[in-house]
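Notebook open, structure loaded. I want to go through the annotated spans, then the strands, then the ligand.

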Amino acid sequence: MEISLMTIEDYDKVYKLWTNTSGMGMRSVDDSLQGINKFIKRNPTTNFIVKVEDEVVGVILCGHDGRRGYIYHTAVSSEYRGKGVGRALVQAVLEALRKEEINKVALVAFASNDLGNKFWHSIGFEKRDDLVYRNLSINHNNN
Ligand SMILES: CC(C)(COP(=O)(O)OP(=O)(O)OC[C@H]1O[C@@H](n2cnc3c(N)ncnc32)[C@H](O)[C@@H]1OP(=O)(O)O)[C@@H](O)C(=O)NCCC(=O)NCCS
């Protein structure tokens, strides 16, 4: 099992993993081939996959804006869970962010995602009860 940088050539296998994983909030435009290509071009050093026999069994996306890192779409296929793959993917992201001198990283998880929230809690990501997450959709085709 080996962690490598994700490239756009991995898209089909990564997309298959995402669509087979519950708890992913997929977006039609952002998660299309073009959307992920744009994300990887802007953030070429902070997206990772784990491959086993040419199948992608783990993925994490991360981008930063020069100040904060943001993690998206972390998934490990059900057969490979509980073996440290998720933790290793997050470690790879943290190392990559440190190299870019980013000092803090955040993510959004559905409140109903118990598994995801237990995972993030156990690896040190604090839940913030003092903040309200707000957003505004500026492309109504991105459902
Ligand atoms: C969340 C997810 C990525 C974790 O991946 P994983 O490879 O199984 O995680 P790891 O084996 O690295 O586990 C790291 C720690 O998380 C915690 N954890 C993982 N699975 C857990 C579970 N089912 N119940 C409770 N704690 C769990 C444990 O503390 C574990 O450390 P330990 O093994 O030393 O006890 C994986 O379960 C997944 O893909 N879930 C569906 C998608 C998802 O919810 N993604 C997050 C979106 S916000």
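This is a predicted model: local features need pLDDT of at least 70, side-chain atom pairs count only at pLDDT 80 or more; totals for chains, interfaces and linings use all residues.

I began with residues 40–133: their end C-alpha atoms lie 25 Å apart, and the span is 29% helix and 30% strand. Helices (H or I, at least four residues) and strands (E, at least two) are DSSP runs, numbered from the N terminus. For residues 1–143 I get 34 Å between the end C-alpha atoms, with 30% helix and 22% strand. Both spans come from the UniProt annotation "domain: N-acetyltransferase", in an unreviewed entry. UniProt positions are given in the numbering used here, feature names are shortened, and such annotations may be inferred rather than shown by experiment.

Residues are numbered from 1 along each chain as its sequence is written, and side-chain values use heavy atoms, with hydrogens and water left out.

Strands next. I looked up strand 3 (residues 55–64) and found it paired with strand 4 in the antiparallel sense over 6 bridges; two strands pair if DSSP finds at least two bridges between them. Gly58 stands opposite Val76 of strand 4. The two strands make a hairpin with 3 residues between them, and Gly66 in the turn has a positive phi of about 95°.

How does strand 4 (residues 68–76) run relative to strand 5 (residues 104–107), parallel or antiparallel? They run parallel, joined by 4 bridges. I followed the chain from strand 4 through helix 3 (residues 85–99) to strand 5, and this β-α-β crossover is right-handed (with the strands pointing away from the viewer, the path from the first strand over the helix to the second runs clockwise). Arg68 has Lys104 as its bridge partner in strand 5, and Ile71 stands opposite Leu107.

Last, the ligand. I find 21 residues around it, of which Val76, Gly82, Gly84, Gly86 and Asn113 come nearest (near means a heavy atom within 4 Å). Val76 also turned up above, opposite Gly58. Helix 4 (114–122), strand 4 and helix 3 each supply at least two shell residues, and helix 4 gives the largest share, 6 residues.

A ligand oxygen is 2.8 Å from a polar backbone atom of Gly82, with 3.2 Å for Lys83 and 2.8 Å for Gly84. Alone, the ligand exposes 920 Å², and the protein buries 74% of that (Shrake-Rupley, 1.4 Å probe).

How values were computed:
A polar contact is a pair of N or O atoms within 3.5 Å; within protein, one must be able to donate a hydrogen and the other to accept it, and residues adjacent in sequence count only if both atoms are side-chain atoms.
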